[in-house]
Amino acid sequence: MRTQVCIIGAGPSGLLLSQLLHRQGIDTIVLERKTKDYVLGRIRAGVLERGFVDLMHEAGVGDRMQAEGYVHDGTLIAYDNRQFRIDFRALTDSSVMVYGQTEVTRDLYAAREAMGGAILYNVEDVQIQGVEWQTPFVEFHQAGQCKRIDCDYVVGCDGFHGVSRKTIPDAKRQEFEKVYPFGWLGVLSETPPVHHELIYANSERGFALCSMRNENLSRYYIQCPLDQKPDDWSDAAFWEELKRRIPEEAAERLITGPSIEKSIAPLRSFVTEPMRWGRLFLCGDAAHIVPPTGAKGLNTAASDIYYLYHGMVQHYLHKDGEGLERYSEKALARVWKAERFSWWMSNLLHQYPDQGAFDRKMQLADLAYLEQSKVAQTSLAENYVGLPY
Ligand code: RFL
Ligand code: PHB
């Protein structure tokens, strides 16, 4: 088999890139380790930046999102039994879109299928070869057969545990990492959201987040110790703990119900540099991870795709290599700002196991400053709705 761009991973990054390139006449093959249903079963991001929304439209897959997504003009921050609102619209003249990653991925799969895009599922033992020369190729197994794809470029969209990043020799890459001493226990339930906007809560018992997917589908999270398992938490125990961490009037209004998904995600900040090695490019979680506070993971994947897509179009359609040459530099400049924001927001809102009285006072002072200062609120809002590409 031969293609121009071989993409490893059919998560949102790989699908979006393949869809954008196909519409410009650039040929791709996408290799996915799992099945489509498995990818759609993962409950992840819920908040999309304006730049992501624009990219979905450019990819021709924005219609359902536009019709069914929810525009959010602000968010609530709660602490110490107080709450205040960050008004994105007034502070930045922008907003975010609440539309689940599952739906983004579903729309992208539908579009790839309608255009006859090549996605190979259940591939095993992917090996990326020759990217430091002119003639890269990818070898893998599928249904017991050994296969090979020759291509011009390989793009690693295979998430944090994929093979692409590890293909770059240790001596050629540098990794930066911070692991947080807690996780997020998330519950999805077919209940109306407690509030029409998200509530991020710093409570003495730990962080909590009230989010949503639609009018009858809510997503809630609470900070939990890393050694706990989802089965350690009955639904009743989860709701009880959530109510104790959010403002009283929200707790009184909260409608509870059976969980339809319950999972624990660890929190990590991670960046690999550079994001390009020869003819191999890394995008999304393959290159960087943020803690979910601030909703930057999928959105930062989308900005990588934006830079790489434009670099590929410049190369193939205009015979200009500048965009590909500078891909890593441009992507990393924005990645580090998203890392900073997610790290700052995580520190602001979580309780650390070793946190002393002084650290707690600093958190409360930071929150009080945020509540009172328009400048501080503008900084949060500008980052939350998304920095320019
Ligand atoms: P993905 O989604 O991990 O997809 C990678 C794909 O590659 C496949 N793969 C391979 N295929 C072939 N060969 C191999 N060797 C392979 N190894 C892996 C995998 O099966 C998979 O299909 O990465 P991608 O596409 O870069 O997308 C990144 C996003 O999924 C991620 O950043 C977000 O979900 C993060 N995130 C959030 N981001 C936001 O922007 N806003 C949010 O509100 C938000 N909330 C969240 C989140 C992530 C969470 N978890 C569980 C980590 C909330 C949570 C709880
Ligand atoms: C979600 O709805 O899953 C979500 C929303 C905001 C975040 C993280 C996750 O910061």
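Gln363 is buried, with a relative accessible area of 6%; buried means under 20% relative accessible area, exposed over 50%, and partly exposed in between, with a 1.4 Å probe and protein chains only. The residue is part of helix α13, residues 357-372. Helices (H or I, at least four residues) and strands (E, at least two) are DSSP runs, numbered from the N terminus. Not counting residues up to four places away in sequence, Gln363 touches Asn202, Asn347, Leu348, Leu349, His350, Gln351 and Gln355, where contact means heavy atoms within 4.5 Å.

## Basis of the values

This is a predicted model, in which local features need pLDDT of at least 70 and side-chain atom pairs count only at pLDDT 80 or more, while totals for chains, interfaces and linings use all residues. Residues are numbered from 1 along each chain as its sequence is written, chains are lettered from A and ligands numbered from 1 in the order in which they are written, and side-chain values use heavy atoms, with hydrogens and water left out.

## Nonpolar cores

The largest nonpolar core has 67 residues, of which Leu31, Leu48, Val155, Leu308 and Met312 touch the most other members. A nonpolar core is a set of buried Ala, Val, Leu, Ile, Met, Phe, Trp, Tyr and Cys residues joined through side-chain atoms within 4.5 Å. Helix α10, residues 297-318, gives the most to this core, with nine residues. Another core lies apart from it, with 33 residues, among them Leu91, Val98, Met212 and Ala376.

Leaving aside neighbours within four places in sequence, Leu48 is in contact with Val53, Met65, Val96, Met97, Tyr99, Val104, Leu298 and Asn299.

Ligand 1 has 31 residues around it, and Glu32, Arg42, Gln101, Asp285 and Leu298 come nearest; a residue is near a molecule or strand if one of its heavy atoms lies within 4 Å of it. By class, the shell has 13 nonpolar, ten polar and eight charged residues. In this scheme Ala, Val, Leu, Ile, Met, Phe, Trp, Tyr, Cys and Pro count as nonpolar, Asp, Glu, Lys and Arg as charged, and the others, Gly among them, as polar. Helices α1 (12-23) and α10 each supply at least two residues of the shell around ligand 1, and the largest share, three residues, comes from α10.

Oxygen atoms of ligand 1 take part in several polar pairs. A polar side-chain atom of Glu32 is 2.6 Å from an oxygen atom of ligand 1, and one of Ser13 is 2.8 Å from an oxygen atom of the ligand. At Pro12 a polar backbone atom is 3.4 Å from an oxygen atom of ligand 1. On its own, ligand 1 has 1,000 Å² of accessible area, and the protein covers 89% of it. Accessible areas come from the Shrake-Rupley method with a 1.4 Å probe; for residues, only the protein chains shown count as cover.

Of the 14 residues around ligand 2, Tyr200, Ser211, Arg213, Tyr221 and Pro292 come nearest. The shell has eight nonpolar, three polar and three charged residues. Strands β15 (208-214) and β16 (217-224) each supply at least two residues of this shell, with the largest share, three residues, coming from β15.

A polar side-chain atom of Ser211 lies 2.6 Å from an oxygen atom of ligand 2. Ligand 2 exposes 280 Å² when taken alone, and the protein buries 97% of that.

Glu261 lies in strand β17, residues 259-273. Its side chain makes a polar contact with the side chain of Arg219 at 2.9 Å. A polar contact is a pair of N or O atoms within 3.5 Å; within protein, one must be able to donate a hydrogen and the other to accept it, and residues adjacent in sequence count only if both atoms are side-chain atoms. Not counting residues up to four places away in sequence, Glu261 touches Ile43, Gly186, Val187, Leu188 and Arg219.

Glu273 and Pro274 are joined by a cis peptide bond, with omega about -5 degrees. Pro274 is found in the loop between β17 and β18 (276-277).

## Positive phi values

Asn81 is not a glycine, yet has a positive phi of about 60 degrees. Asn81 sits in the loop between β5 (74-79) and β6 (82-87) and is exposed, with a relative accessible area of 54%. Asp125, in strand β9 (residues 123-129), has a positive phi near 55 degrees.
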